[in-house]
Amino acid sequence: MGQWRVTIERKAEETASVTLKAAVIGFLLVIGITIAGCYSAFLRYDLIGTGHLPRCALFPVLLLALINLLWRRFFGKMLFSRSELLFIYCIVLIMTGIPGQQFSNYLYLGLVAPVYFANPRNMPALLQYEGLNWLQYIPEWAVPSKDPRSGVVAWVFEGMPEGARIPWQPWVFPLALWTLFYFALFTSHILIAALLRKQWVEHEKLSFPLAQVPVEVANEHRLMAIGRNLLFWFGFIIPVFVFTFRALHLYLPYFPNINIYPNWGAIFQGRPWEVLNYTPFNIYFDMIGVTYLIPSDVGFSFWFFAFVVRRLQMVIRSAMGLTDHQQPLEYQTIGGLFALFFLQLWVARQYLRDVLVQAWHGENVEPDAAPLPYRHLLILMGICLLIVIGWTVSIGAALVWALMLFAIHYIWRIMTARMVAEAGLFVFWVPNIVNFILRVFGRDLVGASNIVGLTMVGSKMYDSATCLLPQALQGFKIAQSEGLNQRQIFGLMVASSLLSMLVCHPTSLRIIYTMPVPKMGWWTRGYPQWLANDFLTRLAQDLRMPSWHYFSLLAGGLVTVFLTWMRWQFFWWPLHPLGFAAANAAPWFGDRYGFSMLLGWLAKALVMWFGGIRLWHFFRPFMMGMIVGNTTILFILLLIHFFFPTNEVVVIE
């Protein structure tokens, strides 16, 4: 026992703590990125924080690392330590999606759109449905105004009259309450990440390929070594060259363009092969590089299921005379996500039992190597869950539906985190939870009040491409592997998310009143109408799915279980269940990234075939160069587009 205590104390001494310099720089970046991100998301729809290797987090750390090298060259010492750079990265990483669709786009427009479009003058489609009115189910305190003609609502869509001032006061109370909801929701994501950390990082030893990039950048010796490697610069220059040409074409249309999103057009006539028309061959340089870094079976499975099997199923369905492909395929993914979650529970059963035992007895076996003692972690998690579920009930949904909404939300977010931690997906979308509930139980069983309550809450947390849970897990992985203080990382991430939300409030309100919806970017311009259509469709139509769709749901779960069992039984088994579960989550996932994942996997397969692991290491700097080059040029173009906008979107994902 004495020797165990000495070991723990020595480990604690070696743990790096955050410095005032790192904290100040990190939080200043949070403020700046939040302000710039809100303007870009609303007005340009350039999402500077999209994805789980966000450019607005990686590029500043890369810039600081380069300044570090120059500082040492001229002054003989480092300006920032490796741990300081990684602390800064983690502070920024957690909040990158907040000034975008994770928070700002959905919250502010989502509080006025249901009110504005409740008026038939603004939404003539309401005239077809006598007595249909969702506004009656929305509490007064949940929105800044319930009058569609008030300036608080109308000015967002029609512009402020000359001489009018931004109506700040009506927003104070609802935003205070919504901030409490979001803070509890985001904190619960970080707490779940803290709970999963030991199982995924230490027990299962997942690779976290996206977390490898900032670690390489922050390490002085690795950065200098990779900077001397010509293969790195060959990889770096490819995306820089391509996106520079594309940017020049945007600003100077007569300049030649480079098409990195080709398709083979309409080459098939008639069933069943017509579903293969316009198959895209999109090139995403960062996805090619990341796929090279992940295990071969994972890379193969993702492109195989998303790019090949999905289309093969569409051909078979078309030959059978079926045309509705998306929903049955989506249910396969839903069944797969649920099956994977429960399989993960089974794998982690011993760890979870130990967590409960330690929490019950108040044991703290890792006082410095864990984000929180398990008892404190579970208590805080319980408080957060009570807040988000209680909030949903108070806004009009019955307890059973609120519980179902968040049960599915957390299950799917955990599986999103698994996709990022094991497969290195840059982004991953899950299906719409409210639509799934209505398709399973039907409009009449759920009821109008519950539909409105679920839509009001569900629409504010729909986006999974910038989910905080995978970001938090990457932060904890970096902290564990690089010797950072886990508890400080936890506190910094919670503070960062709260600070970003608070900065979003004045920034976003100023934007939506000074630049009304018709002047916004294409997505934010259309989102309010899309949200109103969700209210209308869910209340006016019974979306309950036909009975045979349940077979797709069941088949997705059974195939996932089979693939998992085969993978557990046979080392050579090439198909990973994550690839199957992800293939049909969104119709554009395989179309957008499938071909790039094929290229990354193919490059790795050829390298391993001809030269083994040594040749794989030889070409690794080339792939890192493509990832870093892609990040660098796109972030620079985002900055240029911020100050010199065009009518085009420079970067989405």
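K205 counts as exposed because its relative accessibility is 63%; the cut-offs are over 50% relative accessible area for exposed, under 20% for buried and partly exposed in between, with a 1.4 Å probe and protein chains only. This residue sits in the loop between α7 and α8 (209-218). Helices here are DSSP runs of H or I with at least four residues, strands are runs of E with at least two, and both are numbered from the N terminus. Although K205 is not a glycine, it has a positive phi of about 55°.

Before we go further, please keep in mind that this is a predicted model, in which local features need pLDDT of at least 70 and side-chain atom pairs count only at pLDDT 80 or more, while totals for chains, interfaces and linings use all residues. Residues are numbered from 1 along each chain as its sequence is written, and side-chain values use heavy atoms, with hydrogens and water left out.

The loop between α7 and α8 also holds F208. F208, again not a glycine, has a positive phi of about 45°, but its relative accessible area is 2%, so F208 is buried. Most residues other than glycine have a negative phi, and most peptide bonds are trans. Another backbone feature to look at is the peptide bond from R271 to P272, which is cis, with omega near -5°. P272 belongs to the loop between α10 (230-251) and α11 (285-293).

Now turn to helix α9, residues 220-227, where E220, L223 and I226 are buried. Looking down the axis of α9, you find its buried residues within an arc of 140°, so they line one face of the helix; the arc is taken from the directions from the helix axis to the C-beta atoms. An α-helix has 3.6 residues a turn, so residues three or four places apart point the same way.

On a 1 Å grid over the protein atoms alone, a cavity is a set of points where a 1.4 Å probe fits but cannot get out, and a pocket is an open set with protein on both sides within 12 Å along at least five of seven lines; lining residues have an atom within 4 Å of a point. Grid points are joined across faces, edges and corners, and a volume is the space filled by probe spheres set on the points. For this second largest cavity, α3 (55-75) gives the largest share of the lining, 3 residues.

Where do the pockets lie? The largest pocket has a volume of about 1,000 Å³ and is lined by 50 residues, with Y106, N432, Y462, W523 and W588 nearest its centre. α22 supplies the largest share of this lining, 7 residues. By class, the lining has 25 nonpolar, 17 polar and 8 charged residues; Ala, Val, Leu, Ile, Met, Phe, Trp, Tyr, Cys and Pro count as nonpolar, Asp, Glu, Lys and Arg as charged, and the others, Gly among them, as polar.

The second largest pocket has a volume of about 470 Å³. Its lining is made of 21 residues, of which I192, L195, F341, L345 and I414 lie nearest the centre, and it divides into 19 nonpolar, 2 polar and no charged residues.

R620 is in helix α25, residues 587-643, and counts as buried because its relative accessibility is 14%. The R620 side chain makes a polar contact with the side chain of E216 at 2.9 Å; such a contact is a pair of N or O atoms within 3.5 Å, where within protein one must be able to donate a hydrogen and the other to accept it, and residues adjacent in sequence count only if both atoms are side-chain atoms. L111, in helix α5 (residues 104-116), has a relative accessible area of 0% and is therefore buried.
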